[in-house]
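Work through the exercises below with the structure in view, and try each task before reading its solution.

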Amino acid sequence: MSSLQSEKESVSFAESFQVKSKSIGESIEKYLAGTHPEVLLTLNESWGHSGPRETNQYGFVAENEKSRRWNKWYLRHAFGEKPRSLIAMLWFASKEHGANPKEWVMELYGRERLESFKKLAELLAQEFHVKIHLRLQSEHPRNSFSGNGSSYYTDD
């Protein structure tokens with residue numbers, strides 16, 4: 001074995017998971033564009049669209065048309081935003097949620113989107129060679145809005 005060959009075998013390369021998370025976000029947005037264009041990809045539970053980024057989790061939010069009239073008025077005037085509902089969270093690495101880079105956890109808020117997000121989980125699991133545990137956290141989406149760097153939840 002030549003010394004050059006020996007040196008090649010002693011060097012390995014891997015992307016950090018946060019770098020890989022950007023391509024995961026791109027796959028998610030492609031799926032959402034074709035199935036749920038009303039759903040936005042966020043970095044956390046907040047409603048602002050952030051798109052694919054380097055992160056340990058993604059949130060999924062959608063405009064909440066069922067929000068109470070006063071809630072819509074308040075959010076539009078106080079924060080300049082429409083009320084949104086938290087639909088799901090996808091955790092890539094979180095001890096608290098039981099996720100790691102090989103076994104992700106998708107928490108779903110609202111049974112009505114279970115089948116669609118199950119299909120998304122199946123596509124991601126196949127594309128990125130991971131296991132994904134889908135967990136229904138509540139029967140209905142959570143109303144979410146942000147202000148001053150914090151996320152808040154309300155129930156209608």
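**Exercise 1.** Find how many aromatic pairs a search of the whole structure gives, and classify the pair of Tyr 58 and Phe 92 from its ring geometry.

Solution. As for location, Tyr 58 belongs to strand β2 (residues 57–63), while Phe 92 sits in the loop between β3 (84–91) and β4 (103–109), so the pair ties together parts that are 34 residues apart in sequence.

**Exercise 2.** Describe how helix α2 and helix α4 pack, and which residues make the contact.

Solution. Begin with the geometry: α2 (residues 17–35) and α4 (residues 114–128) pack at an angle of about 140°, and their axes are 11 Å apart. Because angles count as roughly antiparallel only over 145 degrees, α2 is oblique to α4. The crossing of α2 past α4 is right-handed. Next, turn to the residues: α2 contributes Ser 23, Ile 24, Ser 27, Ile 28 and Tyr 31, and the residues from α4 include Leu 120, Leu 123 and Phe 128. Sorted by class, this contact has seven nonpolar, three polar and two charged residues.

**Exercise 3.** Decide where the pLDDT stays under 50.

Solution. The chain has a mean pLDDT of 77, with 68% of its residues at 70 or more. Over residues 67–80, however, the pLDDT stays under 50, and the model has 20 contacts beyond four places in sequence for them. Residues 146–156 are also below 50, with 30 contacts beyond near neighbours in sequence. Where pLDDT is low, predicted coordinates should not be read in detail.

Methods
Residues are numbered from 1 along each chain as its sequence is written. This is a predicted model: local features need pLDDT of at least 70, side-chain atom pairs count only at pLDDT 80 or more; totals for chains, interfaces and linings use all residues. Side-chain values use heavy atoms; hydrogens and water are left out. pLDDT is the predictor's confidence in each residue, from 0 to 100. Contact means heavy atoms within 4.5 Å. Axes are lines fitted to C-alpha atoms, for helices over the stretch in contact, and angles run from 0 to 180 degrees between N-to-C directions. Helices (H or I, at least four residues) and strands (E, at least two) are DSSP runs, numbered from the N terminus. Angles under 35 degrees count as roughly parallel, over 145 as roughly antiparallel, 65 to 115 as roughly perpendicular and the rest as oblique. A crossing is left-handed if the near helix is turned anticlockwise from the far one by less than a right angle, and right-handed if clockwise. Ala, Val, Leu, Ile, Met, Phe, Trp, Tyr, Cys and Pro count as nonpolar, Asp, Glu, Lys and Arg as charged, and the others, Gly among them, as polar. Rings of Phe, Tyr and Trp (its six-membered ring) pair if their centres lie within 6.5 Å; planes under 30 degrees apart count as stacked, over 60 as edge-to-face and the rest as tilted.
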